[in-house]
Amino acid sequence: MITRPMIAAVLMATTASVSAAAGPLQVTSSILVESRSAAADGTTRITLVKPGKVTPGDKVIFVLAYRNTGKQPLANVVLANPLPAAISYRSANPGSPAPDVSVDGTTYGALDALRVRSLDGSTRAASPNDVTSVRWRIANPIPAGSQGQFAFQAVLK
Amino acid sequence: MRAGYRSVSVTALRALIAGAAGLLAPAPAWSEAAAPTPAGTPIVNTAALGFDLNGATQSTVSNTVTIIVAERLDVSLVRTGQGAVVVTPQPKAVPFTLTNRDNGNESFAIAASVSAGVFGVQALVIDADGDGLYDPAKDLPPADGRTPVLSPGQSIKLLAILVRTDSSGGAATATLTVTAQSTTGSGQPGSSYAGLGDGGGDAVVGPTGAIASVVVPITTGIAGPSLFKSQSVLAADGSQNAVRDAVITYTLEARFTDAVTGARIVDPIPQGTVFVPGSLTLDGTPLTDAGDGDAGAFDRNASAPGAAGGGIAVALGQVAAAAVHTVQFKTKIQ
């Protein structure tokens, strides 16, 4: 009678190590679009909203919001976002640190430091369209209860 | 011999700005190299995380977010060939290519009309074998004036079959207008049609407005001078979109069969545009805007119906038989 709940508890702990919901680092991924409205001071205010209809050529904003829900600091935090196939990377969203990018999913760096190898063996400078994955490394440990977010702009192919 | 003193005017050919975009093959806002993502495609995103806790490296993933690609309604219609088409009482086929620029499957309503009664549109047919020649047995008008459903990027060839309908023998010019529009909907880019997209999602009008028109000059080609006006648009972003500050280049091509004297081309600046100073040319040679020694001038006070921005005038004077003269000028959309 006692063993069953114990087995259940062990299973839950195993699950927690791979699940976002139960881990100390929670990351919420969202895909948003810009909504422009005229502010009272005459400027244009850009807010990010859930998309109504997204069609090819539209700009979309990928937002990764993170939070340390645990009781201890988390070190060497890395957030990686492989791009969906129909998405072309453009740039970091204003206000967000620039991600390291990769054109092969292995080597990450600044876009202007990356090169793309053609079928004939020659190489050329990488362009935003070549990016297949983006990644942020957070240099300092994230204190317990602390949160932040990263965002990048992309275009639906 | 014909004692010539003819005046050629294009005041009747005023092009409104609304028509400026329609005369042109729309500039695609997406890469031609890659097909647009099909309507109904789910875009699924999940981020991967890694961190160290108590000296142990752990990894996990974010939630998964999914959006569904809506159907974007776009079309292009391009004429195969250039210049004026000579139309006789015998059926004359004018070829076009219609392309589904949609990211979904779409049928297009097509229509053709001519601006003058001496010409008639006998039929607007689908060129079944795409050879550009009219075969009445195989090249048939589509049912209800609608093309079959075309897949994304698919093109079909159309033929407008024109005939001369009068028997006067006199010279005449006119224009043929062929239009294609998405049957799901068209209009202002961004307009949406809830639930009408492929897969039951929404459909949204794309940058082409989901409608395309081509205007083709047509002529009896028998005698007398004729004038053909065409235009091209160049926006600051390099596209052909008729947006504010885009520059429209108008080309007026005057063709003469006989020698004439006193020929003169006048054209008002269309409403909503302003003349670009110094842009007037005759046969490629710049003409000053002032009414001075050269053949042309821009007169900001020239009045014509619907033209508040003045007009250009170029005096061709004595023109030899079989001559062709081309006048160009630019305006900027306001």
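**Figure 1. Surroundings of A:Leu79 in the predicted model.** Leaving out residues up to four places away in sequence, A:Leu79 touches A:Val27, A:Leu64, A:Tyr66, A:Arg135, A:Trp136 and A:Phe150, together with B:Ala47 and B:Leu49.

**Figure 2. The nonpolar cores.** The largest nonpolar core comprises 73 residues, and A:Leu79, B:Ala160 and B:Leu176 have the most contacts inside it. Strand S14 of chain B (residues 211-219) provides the largest share of this core, six residues. A second, separate core has 25 residues, including B:Leu227, B:Ala254, B:Phe275 and B:Ile312. In soluble globular proteins, nonpolar side chains tend to be buried together.

**Figure 3. The contact between chain A and chain B.** Here 34 residues of chain A are in contact with 33 residues of chain B. On the side of chain A that touches chain B, strands S1 (25-38), S3 (59-68) and S4 (75-82) each supply at least two residues. S4(A) gives the most, with seven residues. By type, the residues on this side of chain A are 21 nonpolar, 11 polar and two charged.

**Figure 4. Pairing of S4(A) with strand S2 of chain B.** The two strands run antiparallel and are joined by four bridges; S2 of chain B spans residues 42-53. Within this pairing, A:Val78 stands opposite B:Gly50.

**Figure 5. A:Leu48 in strand S2 of chain A.** This strand covers residues 44-49. A:Leu48 is partly exposed because 16 other C-beta atoms lie within 10 Å, a count between the limits of 12 or fewer for exposed and 20 or more for buried. Apart from neighbours within four places in sequence, A:Leu48 is in contact with A:Leu32, A:Glu34, A:Ile61 and A:Val63. The C-alpha atoms of A:Leu48 and A:Arg36 are separated by 8.8 Å, and these residues are 12 residues apart along the chain.

How values were computed. Residues numbered from 1 in each chain as written. Chains lettered and ligands numbered in written order. Predicted model: local features only at pLDDT ≥ 70, side-chain atom pairs only at ≥ 80, totals over all residues. Contact = placed C-beta atoms within 7 Å. Core = buried A, V, L, I, M, F, W, Y, C linked by C-beta atoms within 7 Å. Nonpolar A, V, L, I, M, F, W, Y, C, P; charged D, E, K, R; others polar. Pairing = 2+ DSSP bridges.
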